[in-house]
Amino acid sequence: MSVAAYCIFCYRQIGTSGPATKTHLPWSDIRKIAKVTGSLILGGFVFITYEVLSLKKLLQIDTQAIHHEKLKSFVYVRTASLNPSEYQGITYQARKEIHKAVRKILETEAKIFRRPFNEQFGTFDGEDHECALWLLLKKSRSEDKEVRLQAVQDLANNSHWHDYQYGTVAQTCDQRTAIGLARSKDVDLRFFLPPPPVPKIKSDYPIEDELRVLLVSLPQTGLDPCVQYFTSLALRESSQTLAAQRGGLWCFGGNGLPYCETLGKVPSETVELFCLQALVQHSKVSSHCDKIEAKGGLQLLQRIYQQRKDSAKIQRNIIRIIGNMALDERLHSSIVRAGWVSVLAEVMKSPHVIQSSHASRALANLDRDMVKEKYPDGVYVLHPQYRSSQPIRADILFVHGLLGAAFKTWRQQDIDRRSDKKASEGEEDYSQCWPKTWLASDCPALRIISVEYDTHLSDWKAKCPVEAHRKSIAYRSNELLDKLRAAGIGDRPLVWVSHSMGGLLVKKMLVDASKNPEMDKIVNNTRGIIFYSVPHHGSQLAEYSINARYLLFPSVEVKELSKDSPALKELNDDFLSFAKDKKFSVLSFAETLPTHIGSMIKLHVVPLESANLGIGDLIPVDVNHLNICKPKKKDAFLYQRTLKFIQDVLAQELGD
């Protein structure tokens, strides 16, 4: 309106400036009018355009975030700050407009001359403090693997982001980036979205019933006998729980629940554990994992995990199932959508080595961008558990013995507060697993792996009493060899560390691998073996099986440890015949103190003569059978001699 009024005023002024001697305006007057009017129109147009663009920016919604979050219950909207101090005036706005123009010119030039466009120019239209974040997010999706990995590392290492920026990453990063962040050391948990809410269930419909329905829906025919056993056991205990809920006493629950309960106290947690143990067995079968996912098992496990935060056993079994399912890359998207990445990232920070190692295994199986190996059930990486730029030079493999485990066997010797007050005062430095803490810090270039398998003194306590041959050394050797090859054992120089019956298993695996061309790498890359009280010629433990109440039915493992057993002699001869040709370095430790077994027996489990392999060094140590692999402290002789052996046989790889 003001422009039109001004034009009319100019016309009137020209029309009344003098007598109308001519009927038309001079060209000079027309040019004056055009200049004034044009400048006003152009200025007004620029002003209006600027205001429209500014308003558009204030109301702009991040459509990429909407697309990424369309299945979730919220959408991230990029908002503009209302703080006037953050605006830099017309100079700042002009600089941004120039940046946009330059970017457009460079983009056009790149298209014309078919040259790559520098991605850094794509961030000029964002706020300064957001440019780095969006650039890293863009790089994390790069086709170049090195660029992608570096971007994830830079994201994890930055600790100065604001809350809303962590939320931006959580909602806009892809699956690969989220997994990479979860495997980054000391990562901020704000990078991850919480698990999606699960549908509420009826209060009269307990979780164990849902687990029972899930188990029934899985294939029941043509199963491994142990899978069948665990499934039938879980369903039987669930039925007893259901009967108790309907009224009456119930007891005589067989292996499952060896105590009576009334209607008022039903051990639902125990029943859940049996169902989860059955699911662990099913999750070892790839086709069953598909069924678990299709039946909503991932969401059900998430609900149980959140409700049972007070039960480490239940949570550990659930994460073990997730780790097994993660072996199938087709299920990775479903696992991520179910919210397990944030859960695993949190558990990785647990001070308990068992919990964190289970989570580490699951994330390693999910991380196909950084990890080429796969870790089957019972194979755990103790170091490195996070992504690292440190190259891996060699592998150390720990194999426990009878009644041992992947973690507890290799803990620091338990502290006796009464006899060692100084050690008790330093209890906070106690190592739950010395290979993970001490050895990893002394030899960071090593990949340290520990394996786990079930062993029992008596068939009374066998977890799976069917098919006794499965507990033999020969069967376990073949089973473990397949798992270790999947984990990449044999691709690098290798040192074995074994305790008790685990040493016999190591010898059997090496003998079997030497006869199998597909396993040749394991034998050829073996640099050395450490034996902690290994009964090469048998153990006195088997001789006492009749006198001990809990060994009335000695297990296959105990029977195979009989003194001067023909099977042990054959295994020892086979091993020595090719070990001497391969010139393996061998270090053996032998116990000299007796071990208390229950309240009735006190004996040398592995006498000195049985611990003598016949090659390598044999070192007697004044400890019993249980503590021979548990150093008292880091500077103790047991650990320092073990460390020296590893450093000597891997001197070339470690650069010493």
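**Burial, helix spans and ring pairs in a predicted model**

Modeller: In this predicted model, N525 sits in the loop that joins α22 to β5.

Biologist: Why is N525 counted as buried?

Modeller: The relative accessibility of N525 is 19%, and the cut-off for buried is under 20%. N525 therefore counts as buried.

Biologist: Which residues does N525 touch, not counting residues up to four places away in sequence?

Modeller: N525 touches G490, D491, R492, P493 and L494.

Biologist: What makes Q413 a buried residue?

Modeller: Q413 belongs to the loop between β2 (394–399) and α18 (421–425). Its relative accessible area is 15%, to be set against the limit of under 20%, so Q413 is buried.

Biologist: How many aromatic pairs does a search of the whole structure find, and why is the pair of W438 and Y639 given its class?

Modeller: The search finds 12 aromatic pairs. The ring centres of W438 and Y639 are 5.4 Å apart with the planes at 70°; pairing requires centres within 6.5 Å, and edge-to-face requires over 60 degrees. The pair is therefore edge-to-face.

Biologist: How do you know that this pair links distant parts of the chain?

Modeller: W438 lies in helix α19 (residues 434–442) and Y639 in helix α26 (residues 637–649), and the two are 201 residues apart. Both W438 and Y639 are buried.

Biologist: What is the geometry of the aromatic pair formed by F578 and F584?

Modeller: F578 and F584 are edge-to-face, with 5.9 Å from centre to centre and 90° between the planes. F578 has a relative accessibility of 12%, so this residue counts as buried, and F584, with a relative accessible area of 9%, is buried too.

Biologist: Which residues form one aromatic cluster?

Modeller: The cluster is formed by F398, W410, W434, W438, Y532, F589 and Y639.

Biologist: How do you know whether the span of helix α24 agrees or disagrees with expectation?

Modeller: Helix α24 (residues 566–582) has 17 residues, which at 1.5 Å a residue should span 24 Å; the end C-alpha atoms are 25 Å apart, so the span agrees. Its buried residues, among them L568, L571, F575 and F578, pack against α21 (501–514), α22 (520–524) and β5 (526–532).

Biologist: What makes α14 largely enclosed by the rest of the structure?

Modeller: Of the 14 residues of α14, 10 are buried, so the helix is largely enclosed. These buried residues include I314, N317, I321 and M325, and they pack against α11, α12 (286–294), α13 (297–307), α15 (332–337), α16 (340–347) and α17 (353–366).

Biologist: How many residues does the largest nonpolar core have?

Modeller: The largest nonpolar core has 65 residues, and those with the most contacts inside it are L181, L279, I335 and W340. Helix α11 (residues 268–282) supplies the largest share of this core, 8 residues. Apart from this core lies another, of 52 residues, which includes V381, F531, F578 and A590.

Note on methods:
Residues numbered from 1 in each chain as written. Predicted model: local features only at pLDDT ≥ 70, side-chain atom pairs only at ≥ 80, totals over all residues. Heavy atoms only, no water. Phe/Tyr/Trp six-rings, centres within 6.5 Å; stacked < 30°, edge-to-face > 60°. Helix = DSSP H or I, 4+ residues; strand = E, 2+ residues; numbered from the N terminus. Buried < 20%, exposed > 50% of the residue type's maximum accessible area, 1.4 Å probe, protein only. Expected span 1.5 Å × (residues − 1). Contact = heavy atoms within 4.5 Å. Core = buried A, V, L, I, M, F, W, Y, C linked by side-chain atoms within 4.5 Å.
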